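Take a look at the model below. We will walk through it one spot at a time.

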Amino acid sequence: MNRIELHPKPPFDFVKMLQRLEKTRGGLVKIEDSRLIRAIRIAGRTFLFQLEAEAGEDGQTTVRALSLNGEIDPTVVQSAREKLARMLSINVDLQAFYDHLDRIPALAPLQNKFHGLRLLLEPDLFQCLIRTIIGQQLNLGFAATLTG
């Protein structure tokens with residue numbers, strides 16, 4: 001198998017996530033034609049994934065992750081699915097947050113502007129730690145270059 005499908009709970013706006021990432025990307029991420037290309041380490045091996053999303057008529061988005069460097073061993077498919085889901089905040093339910101914003105008139109416009117935007121995280125805690133340490137020591141532009 002070299003393809004994994006993820007089904008985030010709506011709202012999920014992949015385009016807004018890519019636009020956000022465009023401003024802060026660096027290192028292991030490439031954006032091209034509404035697709036995200038990202039290297040992820042799984043079980044001691046590095047996989048290059050191409051992610052794209054398709055919105056269904058029912059409001060449900062399907063995110064497809066295609067391994068660009070060959071088949072994913074069936075024994076690590078679940079680990080790959082978990083890392084991709086973490087990276088895209090697939091399992092985060094934002095409804096309580098949106099409900100809270102609706103009750104505050106000054107913040108309600110933000111819900112419309114950022115509706116469906118999720119946090120983009122590192123796929124694992126080690127990468128998060130490394131990027132955080134590098135980001136604290138240097139300016140962010142150089143940190144992105146160094147991370148790459």
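Is Leu66 buried, partly exposed or exposed? Keep in mind that this is a predicted model. Leu66 has a relative accessible area of 31%. Buried means under 20% and exposed means over 50%, so Leu66 counts as partly exposed. You will find Leu66 in strand S5, which covers residues 61-67.

Now turn to charged residues. Side chains of opposite charge can pair when their charged atoms come close. The whole structure holds seven salt bridges. One of them joins Lys9 and Asp93, with the closest N and O atoms 3.0 Å apart. This pair links distant parts of the chain, 84 residues apart. Lys9 lies in the loop between strand S1 (3-6) and helix H1 (14-24). Asp93 lies in the loop between H2 and H3. Lys9 is partly exposed, at 45% relative accessibility. Asp93 is partly exposed too, at 44%.

Next, find Arg38 and Glu122. They form a salt bridge, and their closest N and O atoms are 2.5 Å apart. This pair also links distant parts of the chain, 84 residues apart. Arg38 belongs to strand S3 (residues 35-42). Glu122 sits in the loop between helix H4 (108-114) and helix H5 (125-137). Are these two residues buried or exposed? Arg38 has a relative accessible area of 3%, so it is buried. Glu122 is buried as well, at 13%.

Go back to strand S5 for another pair. Arg64 forms a salt bridge with Glu54, the closest N and O atoms being 3.0 Å apart. Arg64 is in strand S5, and Glu54 is in strand S4 (residues 45-55), ten residues apart. Arg64 is buried, with a relative accessible area of 19%. Glu54 is partly exposed, at 47%. Elsewhere, salt bridges that share partners join Lys30, Glu32, Asp33 and Arg35 into one network.

Last stop: Ser89. Where is it placed? Ser89 lies in the loop between helix H2 (77-87) and helix H3 (95-102). Its relative accessibility is 6%, so Ser89 counts as buried. What does its side chain reach? The side chain of Ser89 reaches the backbone oxygen of Leu119 at 2.6 Å. Setting aside neighbours within four places in sequence, Ser89 is in contact with Arg118, Leu119 and Leu121.

Key: Residues are numbered from 1 along each chain as its sequence is written. This is a predicted model: local features need pLDDT of at least 70, side-chain atom pairs count only at pLDDT 80 or more; totals for chains, interfaces and linings use all residues. Side-chain values use heavy atoms; hydrogens and water are left out. Helices (H or I, at least four residues) and strands (E, at least two) are DSSP runs, numbered from the N terminus. Buried means under 20% relative accessible area, exposed over 50%, partly exposed in between (1.4 Å probe, protein chains only). A polar contact is a pair of N or O atoms within 3.5 Å; within protein, one must be able to donate a hydrogen and the other to accept it, and residues adjacent in sequence count only if both atoms are side-chain atoms. Contact means heavy atoms within 4.5 Å. A salt bridge is a side-chain nitrogen of Lys or Arg within 4 Å of a carboxyl oxygen of Asp or Glu.
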